[in-house]
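The sequence and the structure are shown first, and the description follows.

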Amino acid sequence: MSKVLFLIAFIVYATAIIEADKKIVCYYGSWAAYRNGRGQFESTDIDPNLCTHIIYTFVGISEDGNVRILDSWLDLPNGRDGYGKFTRLRQLNPKIKALIAIGGWNEGSTKYSNVVANPNVRARFVQNVIKFLKTYDFDGFDFDWEYPNQRGGKLADKENYIAMLKELREEFDKHGYILSVAVAAAEVSASKSYIISQVSQYPHIINLMAYDLNGSWNNFAAINAPLYPSSKESGEQAKLNVNSSVQYWLEQGAPADKLILGVPAYGRSFTLSNSAYNTIGSPTIGPGKAGPYTREGGMLGYNEICEYIKQGWTVKREPEQRVPYAFKDNQWVGYDDVISLEEKAKYVMSKGLGGIMMWSVETDDFHGICGDKYPLLRSINRVLKGYVPPPSPTSTPTKLPTPDPSTVTRPLPTSSTTALPSSTPSDSVCTQEGFVRDPKDCSIFYYCQKAYNKYVISRFRCPTDLVFDTSFNGCNYRYNVPDC
């Protein structure tokens, strides 16, 4: 074998190993379906090629151990069918795993504390979870209790939480379901809630929520999720960073390959006391103004931040904490961008962690208003997988065409496109990255991606009777595509 062929084979092998080992867990906040304008986001806006696991949030818990559906109109088939749209993303990427999360900040802690304290109610809850997963066709369950022994909980929560996870895992193993947990990252909170060495035995995935480490509850401007401490910090403040959190969990006995580093697709914002003082540590008087899409004071989605930057906000990078911040007048936000997330992904690789989790996909720049679609997720994929997967092509037009009754006598096709063998025409088919239609067969199209100064070409075929429509890069009826 020539050196060139050997090198290519090694790169392919190494990439396959990276892709198999590292998880990219994408949380989806279903309430984003109610947002206005460019902030509105539904399950179908998720690109399933950019995640290995997707988690729908949230369901709730009741005192008698039932799983509560929190928004039946949004979630169920007789309404917007959020669950169905979410789980059907597996049709576009059969490798992806679709989970549902219970809990979250707004659910509080008291009900969870009461349920796990009663063995009978706990057992009922486990069976209700199994029933729920079967009914709505999910691959697993994310237990996001925020937090044991806090916010109305009690000291016994720490032991009862372990018992809950043990019973869930034992039952899940019978059905092949995935058990995931979302946990507090920083020592100041995690030490109150978890016996980490025992907690870590049962979940397949431990999502470390290494964000909200600073926010408008401070009286000074600080970064949401710094990678490292600043030399100006001391005491507990010096522990409020990603590296300190990861080190704490590892030292307490968490297996590195189960730890999934959580990263934010949003920033924490502040209103400065004096706009002339706009560096980290500057005095603040409260949360920043709400953004146009998320509409929550003290928080801005990355999609909002990048638009503000286009409108003239100043961006600075903190050299020790390895993260950016931006400001204009008395508004200030500390956040993560493509550069800081690439560095965090490399950190994950260096520590042998299991992957990266993003909270949450609907605040990435999913429309590509500021450049590429999903720039944050793409940067994570670039490091953890070694490449950026091509976007998932749609199998039907964005707006379904009205069929001509004289020519179409069967239902509109809904099957997905078919990936064809890798044999492709010469590189001349690609002149830039993106989709391109075959010049001789309109039903065939390619995705061109540049790597190592050459194009990697993926070849696809539209479903029967459809051709590739370059106006929206999806498959359409031939009679709607004049140049075919």
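Phenylalanine 132 and tyrosine 136 both belong to helix H5, four residues apart, which is about one turn of the helix. Helices (H or I, at least four residues) and strands (E, at least two) are DSSP runs, numbered from the N terminus. The model is a predicted one, in which local features need pLDDT of at least 70 and side-chain atom pairs count only at pLDDT 80 or more, while totals for chains, interfaces and linings use all residues. Residues are numbered from 1 along each chain as its sequence is written, and side-chain values use heavy atoms, with hydrogens and water left out.

Rings of Phe, Tyr and Trp (its six-membered ring) pair if their centres lie within 6.5 Å; planes under 30 degrees apart count as stacked, over 60 as edge-to-face and the rest as tilted. By this rule there are 35 aromatic pairs. One of them joins tyrosine 83 and tyrosine 136 in an edge-to-face arrangement, at 5.1 Å centre to centre and with 65 degrees between the planes. This pair links distant parts of the chain, since tyrosine 83 is in helix H3 (residues 82–87) and tyrosine 136 is in helix H5, 53 residues apart. Phenylalanine 132 and tyrosine 136 form a tilted pair, 4.8 Å centre to centre with 50 degrees between the planes.

Buried means under 20% relative accessible area, exposed over 50%, and partly exposed in between (1.4 Å probe, protein chains only). Tyrosine 83 has 1% relative accessibility and therefore counts as buried. Phenylalanine 132, at 6%, also counts as buried, whereas tyrosine 136, at 22%, counts as partly exposed.

## A cluster of rings

Ring pairs also link a cluster made up of Tyr112, Phe125, Phe141, Phe143, Trp145, Tyr161, Phe172, Tyr177, Tyr194 and Trp249.

## Packing of helices H9 and H11

Helix H9 (residues 242–251) packs with helix H11 (residues 338–351) at an angle of about 25 degrees, and their axes are 12 Å apart. Axes are lines fitted to C-alpha atoms, for helices over the stretch in contact, and angles run from 0 to 180 degrees between N-to-C directions. H9 and H11 are therefore roughly parallel to each other (angles under 35 degrees count as roughly parallel, over 145 as roughly antiparallel, 65 to 115 as roughly perpendicular and the rest as oblique).

In the contact (heavy atoms within 4.5 Å), Val242, Asn243, Val246 and Gln247 of H9 meet Lys344, Tyr347 and Lys351 of H11. By class, the contact of H9 with H11 has three nonpolar, two polar and two charged residues. Ala, Val, Leu, Ile, Met, Phe, Trp, Tyr, Cys and Pro count as nonpolar, Asp, Glu, Lys and Arg as charged, and the others, Gly among them, as polar.

## Backbone geometry

Most residues other than glycine have a negative phi, and most peptide bonds are trans. A cis peptide bond joins threonine 57 to phenylalanine 58, with omega of about -10 degrees; phenylalanine 58 is in strand E2 (residues 53–61). The bond from tryptophan 359 to serine 360 is cis, with omega near -10 degrees, and serine 360 lies in the loop between strand E15 (355–359) and helix H12 (375–384).

Aspartate 137 has a positive phi, near 65 degrees, in the loop between helix H5 (119–136) and strand E5 (140–144). At 44% relative accessibility, aspartate 137 counts as partly exposed. Arginine 151 has a positive phi of about 55 degrees and is placed in the loop between E5 and helix H6 (157–175). At 33% relative accessibility, arginine 151 counts as partly exposed.
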